[in-house]
Amino acid sequence: MRDKIGEIERIAIEEIALASDADMLEKARVKYLGRKGLITELFKNMGSVSPGEKGEIGQLINSLKNTATKAFDEKARGLLGGRGTGAGKIDVTLPGIVHDVGHLHPISKTIEEISGVFISLGFKVVEGPEIENEHYNFEALNIPLEHPSRDAFDTFYLADKWLLRSHTSPVQARFMEKNKPPFAIVIPGKVYRPDATDASHSFMFHQVEGLVVGDNIRFSDLKGALTLFARQIFGEKTKMRFRPSFFPFTEPSAEVDISCILCSGKELRDAENAVHKCSLCGGKGWIEILGAGMVNPKVFKNVGYDPEKVTGFAFGMGVERIAILKYGIPDIRMFFENDIRFLRQF
Ligand code: PHE
């Protein structure tokens, strides 16, 4: 009897393991646990067991029944994979739980897009601290204490001469002090200005700075890089214009415009043939997008480079401005309000 119990257990477990679908498993279940099943038969044969062994044999058959039942249940769960509607089963026809999947903020996206253009030209991405000191935010960049140009880069002051950087240009000086030319870098990051908040001003915004230093870097290299950038971001037809300007850390300096992405400089007329001023460029046909220039020799001296040996160009642009133009966003504050209805659109 004991041998028989052992043998049935062995083949039952094997058969359960081999069952590859619910039908096979059900047949096996009937074969062992059904009303005329092999295990059920064992109970019926108890009559022929000697009284002295009844207790032990009974226990063996019971434990075989439990083992087999458990094995069948487990296998059934595995085979059904949650199908069916009985208690404990999962109804896969119920709607699933939809998880909120996030994505990049439009500003991060724009930073990645801008950096991407320059990365494809061989630039490396570098970052620097948002809490700066006067030396890097001003002096190293040739903005002396008493010079009126400091006004344009005014900022928030913290304790002990620390301040929030008002542009990403300080990272130019920090990077040059620690690295030797030639190199080409872009520097994305947050900057701060004590401006009253309105549709086009924010006390915090983002810039992407560019700096290329090496042997015989020319103004035409700056033009080439920026032209490629404008075409990739605003479309192949985009034109560029350089206007003379002033930044203490570049010489010569330029303000760079792109042809208006709304009117392309063409006259807009309504149904009555009356001329309308373009709402984006005000009829000028051009929109300013960034500041740029050749690195001022004084900046090279300040970081220990020999201005006779190296030249370079630098540029800096506001990320919000690029995103506002690219996506037609009417108000800079929308970037920072965290309104899901706005953010979802990007
Ligand atoms: N730092 C300047 C600004 O914030 C932009 C700039 C960067 C201009 C590099 C020239 C060269 O306005």
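This note sets out, in numbered points, selected features of the structure shown above.

1. Basis of the note. The structure is a predicted model, in which local features need pLDDT of at least 70 and side-chain atom pairs count only at pLDDT 80 or more, while totals for chains, interfaces and linings use all residues. Residues are numbered from 1 along each chain as its sequence is written, and side-chain values use heavy atoms, with hydrogens and water left out.

2. Helix packing. Two packed helices are described by the angle between their axes and the distance between the axes. Helix α5 (residues 106–119) packs with helix α9 (residues 219–234) at an angle of about 135°, and their axes are 10 Å apart. This makes α5 oblique to α9. Helices (H or I, at least four residues) and strands (E, at least two) are DSSP runs, numbered from the N terminus. Axes are lines fitted to C-alpha atoms, for helices over the stretch in contact, and angles run from 0 to 180 degrees between N-to-C directions. Angles under 35 degrees count as roughly parallel, over 145 as roughly antiparallel, 65 to 115 as roughly perpendicular and the rest as oblique.

3. The structure holds 20 salt bridges (a side-chain nitrogen of Lys or Arg within 4 Å of a carboxyl oxygen of Asp or Glu). One of them joins the side chains of E14 and R10, at 3.7 Å from N to O. Both residues lie in helix α1 (residues 2–18), 4 residues apart, about one turn of the helix. E14 is partly exposed at 42% relative accessibility, and R10 is partly exposed at 46%. Here buried means under 20% relative accessible area, exposed over 50%, and partly exposed in between (1.4 Å probe, protein chains only).

4. Two further pairs. The side chains of R269 and E267 form a salt bridge at 2.7 Å, N to O. R269 is partly exposed, with a relative accessible area of 46%, whereas E267 is exposed at 54%. D339 and R341 also meet through their side chains in a salt bridge, at 2.7 Å, N to O. In this pair D339 is partly exposed at 25%, while R341 is exposed at 64%.

5. Salt bridges link E134, E139, R150 and K161 in a network. K161 lies in the loop between α7 and β3 and is exposed, with a relative accessible area of 60%. Although K161 is not a glycine, its phi is positive, about 65°. D160 lies in the loop between α7 (149–152) and β3 (162–164), and its phi, near 55°, is likewise a positive value in a residue other than glycine. D160 counts as exposed at 68% relative accessibility.

6. Cis peptide bonds. The bond from P181 to P182 is cis, with omega near 5°; P182 is placed in the loop between α8 (170–178) and β4 (183–192). The bond from E251 to P252 is also cis, with omega near 0°, and P252 is in strand β7 (residues 250–259).

7. A nonpolar patch. I131, L158 and W162 make a nonpolar surface patch of about 270 Å². Patches are made of residues with over 30% relative accessible area and no salt bridge: like charges are joined within 9 Å, nonpolar side chains (Val, Leu, Ile, Met, Phe, Trp, Tyr) within 5 Å. I131 is found in strand β2 (residues 131–133) and is partly exposed, at 46%. Accessible areas come from the Shrake-Rupley method with a 1.4 Å probe; for residues, only the protein chains shown count as cover.
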